[in-house]
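Dear colleague,

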Amino acid sequence: MVFTPDDCTDCDVFALNALEKGCSVYDQGDTALQFYYVKEGLVGLYHILESGKSSLVRLYKKGDFFGFRTFFGNKNYHCSAIVMVKAQIICIRPHSIDSFFSKNIELVRFLVFQLAQELHDAETRLAKIAYNKTLDRVFNTTRFLAEHYPEYPWTYREIAEYSGCETETAIRITKELHKTGLLQSHKINKKTSDN
């Protein structure tokens, strides 16, 4: 079953204005006061180190809920949510967590399933970073991003962050893979900046 914010009860639901690429939905360290739904667009979850270096750790596309794990855990956001493609975001602010849980049982079950899937994906990526060769990680990441988010022109930097390597390594490997013909159909934005 598919859920939308319209299915939520015992909460306030409101739309954020259309958010342009690069806008922050929330910043790492902010207190979680609500959770979100992507009505349109693409949102990246970025972990930012003390050095200022950021790393793309998760993606949310149309139809995805995000920020609920931190909200339900009564904590501060561990990453920043940044708009990657112009987005329409819906905020869901429960009146109380206990009441929201009891009045939205099917939605909560759906969110738990999504959380379990995200944990599975994160553990799989972590294992691949530990055991796969960098070439395999870059190739698999490029293929995954192109297949699941084809509308977005992925940069070498984003491919590197998602595959767990340095940008220069991702550039070198993708150029090698292009020469072999393995990445001919994959859309990569040749810029390495945040464009």
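Arg143 counts as partly exposed at 35% relative accessibility, where buried means under 20% relative accessible area, exposed over 50% and partly exposed in between, with a 1.4 Å probe and protein chains only. Its partner Glu147, at 54%, counts as exposed, and the two side chains meet in a salt bridge at 4.0 Å, N to O, the term meaning a side-chain nitrogen of Lys or Arg within 4 Å of a carboxyl oxygen of Asp or Glu.

This is a predicted model, in which local features need pLDDT of at least 70 and side-chain atom pairs count only at pLDDT 80 or more, while totals for chains, interfaces and linings use all residues. Residues are numbered from 1 along each chain as its sequence is written, and side-chain values use heavy atoms, with hydrogens and water left out.

The structure holds 9 salt bridges. Among them, Glu106 pairs with Arg109, the closest N and O atoms being 2.5 Å apart, and Glu106 is partly exposed, with a relative accessible area of 42%. Another joins Glu161 to Arg157 at 2.8 Å between the closest N and O atoms, and here both residues are buried. Salt bridges with shared partners link Arg157, Glu158 and Glu161 into one network.

As for the helix contact, Thr134, Leu135, Val138, Phe139 and Thr142 in helix 4 meet Thr169, Ala170, Ile173, Thr174, Glu176 and Leu177 in helix 6, contact meaning heavy atoms within 4.5 Å and helices being DSSP runs (H or I, at least four residues) numbered from the N terminus.

Best wishes

Definitions and conventions:
Helix = DSSP H or I, 4+ residues; strand = E, 2+ residues; numbered from the N terminus.
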